[in-house]
Structure formats: structure tokens, C-alpha cells
Amino acid sequence: MRSVVDRMARAGRPPLHTLTPAEARAAYELGAGVLEVPKAALPRVEDLRIPARGGLQLPARLYAPETGRALPLLLYLHGGGFTVGSVDTHDVLCRELARLAGCMVVSLGYRLAPEHPFPSASDDAWDALAWVAANAARLGADPARLAVGGDSAGGTLAAVGAILARDAGLPLALQLLIYPGTTAHQDTPSHTEFAHGPVLDRAAIGWFFDQYIPSRAEREDWRFAPLLAPDVDGVAPAWIGLAECDPLVDEGVAYGDKLRAAGVAVDLEIYRGVTHEFIKMGRAIPEARQAHQDAAHALRAAFLID
């Protein structure tokens, strides 16, 4: 991990938070695949559009490791501080999850800030989850075996989606949360300890959230900070994967504790010595490949795949 961080420093690229949102998106796209594992070839990969409120048609990509039978389905929500990231930046990760877990993955391109501020991303994620649940059979998936997941900001959206699914009576087999953001004001000890990084720091987090939800009062809405949800009783079981050297690690642990206190089954792993974004560094970081395996194992167990 230290070698990766040193190489990032030597590359001398400007931090995303010093760029315009458009420039930050382009820079993130450019670097997204550099440390990824090789791209898995799958028998079915399709781009599609998912209808959402207001007549929107959201871009999405479907991955299936096999054809000919109904597969369980994971709706995946990419990270990127609600401001950067796309279906393309998380293509390799979604292929790997589909391959290892033996499930269909639908990756959603939700609307990004600042053009689309809070709660746009949350609304899009829920609309997509409701749509894939209603249309699972048409996609070739098993409507009785659904899950939601994501990393970083996408992990936040997945946690919110699991609560909304509970409220709507939509049963989910699992919520797969990879270093999710869950707090309103980033005031945990790990935010102080890792305020200057590596990889993700206080300045970047502040910039991302100023794009998405500039009102600090609004940040206490649980759809931004699921740790503030009134209750999480009866939500889907959770697999939570965290990075030890990450400003978000404490709030990930706190959310796991909140779920457990409500009687929700939680499997929480902290990957030692790694930073935020490590899940996409499988070419260089063994812990990333282990996390891929662990997440896939959790999905297979939840979906009752032998």
C-alpha cells in the first residue's frame, strides 16, 4: 500500500478537489483502471436504461457470468463522492463480483453533483432498485434473490436503499457495503487521524460533500447519513468491508454496530494496512483480491448458491 501511495505522489497529478467537477470526473475516469485486476470476460454484458422519476432514463450495465437460467441479482452503486465515478470506472469491479459470486450485477449510472444535488443520487438509487425488483424476470434474474451494494458514496446509497426497501416491503438478501459513508459531519476520530490521507483526505471529502449537499443542516437527513436513520429494524443482513487507514472506517464500524443493535446480522471485515479505494487496486494490493473473494462469498451465502 505504501508503494502505491508513493507512486501516486510521484505521478504529481493535481488532487481532484482542486479541479472543476468536469475535470475531476475526467481525471478519475483516466486513472480508474490503472491498478485493477484484469478485466474478466463474461458471456453477457449489456448496456441498458433504467426509468426513474421525472421521465429520466438512467444508464446502467448488466453483467451475467452465465446464461440460460435465472440468476440472483445485485444492484451496484459506484463510489466517487456523489460527484465523480460512473458505470465505466467500476466496470472491472462489477465484472469481478459477477464472476466470483455467480450472480447478475446491474451497475447504475446515477446522476452526479453539483448539477444534481442531494437527494438526486438517493432518489435514482431507490428508483433503480425498485425497477430491477419489478423487472428481474425480464432481465433473466430471480426476483426472489435480490441485493444492493456499493462502495464509498455508493455504499451510502446502498445502505439507504436497504432501509427504503424495508419500508416498501421489498425483501433483500443482502446489503453489501464497501467503506460506506454514514455520518452527517465527518467528526469521528478516524476523520481526524486520516485528515491528511493517504488517498482520501479531509479536503477532498469536504469538496465532494460541498458539491452534493452544501447545506450542513441538510446533512442530518438520514438519506445522506444513514447512521441517523430513526430505526434499522428488519433491514437486510449486511456485509461491510472497511479499510483500516481510511477516514470512513469509524463510521463504517458504527453503522455495523447500529445494525447489530437492531438485531440485523452483520459480517464486518477491516482490511489492515490499506486505504480508501483499495477495492479497486487488485493488481497491486492482495487485500483487494481478498475483499473481492469475501464479498463474493457473502453474496453466494445470501443467495444460497452452493
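## Helix packing, an aromatic cluster and selected residues

P143 touches A133, A136 and A137, when residues up to four places away in sequence are not counted. The model described here is predicted. P143 itself lies in strand 5 (residues 141-151). With a relative accessible area of 46%, P143 is partly exposed. The C-alpha atoms of P143 and P171 are separated by 9.8 Å, and these two residues are 28 residues apart along the chain.

### Helix 4 and helix 5

Helix 4 (residues 120-139) and helix 5 (residues 153-168) have axes that come within 9 Å and cross at roughly 55°. That angle makes helix 4 oblique to helix 5. The crossing of the two helices is right-handed. On the helix 4 side, the contact is made by A121, S122, A125, W126 and L129. Helix 5 contributes L157, V160, G161, L164, A165 and A168. By class, the contact of helix 4 with helix 5 has nine nonpolar and two polar residues, and no charged residues.

### Helix 3 and helix 9

Helix 3 (residues 91-101) packs with helix 9 (residues 286-302) at an angle of about 50°, and their axes are 8 Å apart. Helix 3 and helix 9 are therefore oblique to each other. Helix 3 passes helix 9 in a right-handed crossing. The residues of helix 3 that make the contact are L93, E96, L97, L100 and A101. From helix 9, the contact is made by H292, Q293, A295, A296, L299 and R300. Sorted by class, the contact of helix 3 with helix 9 has seven nonpolar, two polar and two charged residues.

| Helix pair | Crossing angle | Axis separation |
|---|---|---|
| Helix 3 and helix 9 | about 50° | 8 Å apart |
| Helix 4 and helix 5 | roughly 55° | within 9 Å |

How many of the 11 residues of helix 3 are buried? The number is 10 of the 11, so helix 3 is largely enclosed by the rest of the structure. The buried residues in helix 3 are D91, V92, L93, C94, R95, E96, L97, A98, L100 and A101. What covers the buried residues of helix 3 includes strand 1 (44-52), strand 2 (56-64) and strand 3 (71-77). The cover also includes strand 4 (104-108), strand 6 (174-178) and helix 9. Just after helix 3, G102 takes a positive phi of about 70°.

S107 lies in strand 4 and counts as buried, at 0% relative accessibility. Leaving aside its neighbours within four places in sequence, S107 is in contact with P59, A60, R61, Y63, Y76, V87 and C94. C94 is among the buried residues of helix 3. A41 is found in the loop between helix 2 (21-31) and strand 1. At 75% relative accessibility, A41 counts as exposed. A41 and V92 are 9.8 Å apart in space, C-alpha to C-alpha, and 51 residues apart in sequence. V92 is one of the buried residues of helix 3.

### Aromatic pairs

With ring centres within 6.5 Å as the cut-off, the count comes to nine aromatic pairs. One of them joins Y212 and F224: their ring centres are 6.5 Å apart and their planes are at 40°, so the pair is tilted. Y212 lies in helix 7 (residues 202-212) and F224 in the loop between helix 7 and strand 7 (238-245), so the pair ties together parts that are 12 residues apart in sequence. Y212 is buried, with a relative accessible area of 1%, and F224 is buried, with a relative accessible area of 3%. Ring pairs link F82, F118, F209, Y212 and F224 into a cluster.

Not counting residues up to four places away in sequence, I240 touches L177, P180, G252, G256, L259, V266, D267, L268 and E269. The C-alpha atoms of I240 and D151 are separated by 9.8 Å, and these residues are 89 residues apart along the chain.

Technical notes:
Residues are numbered from 1 along each chain as its sequence is written. This is a predicted model: local features need pLDDT of at least 70, side-chain atom pairs count only at pLDDT 80 or more; totals for chains, interfaces and linings use all residues. Side-chain values use heavy atoms; hydrogens and water are left out. Axes are lines fitted to C-alpha atoms, for helices over the stretch in contact, and angles run from 0 to 180 degrees between N-to-C directions. Helices (H or I, at least four residues) and strands (E, at least two) are DSSP runs, numbered from the N terminus. Angles under 35 degrees count as roughly parallel, over 145 as roughly antiparallel, 65 to 115 as roughly perpendicular and the rest as oblique. A crossing is left-handed if the near helix is turned anticlockwise from the far one by less than a right angle, and right-handed if clockwise. Contact means heavy atoms within 4.5 Å. Ala, Val, Leu, Ile, Met, Phe, Trp, Tyr, Cys and Pro count as nonpolar, Asp, Glu, Lys and Arg as charged, and the others, Gly among them, as polar. Buried means under 20% relative accessible area, exposed over 50%, partly exposed in between (1.4 Å probe, protein chains only). Rings of Phe, Tyr and Trp (its six-membered ring) pair if their centres lie within 6.5 Å; planes under 30 degrees apart count as stacked, over 60 as edge-to-face and the rest as tilted.
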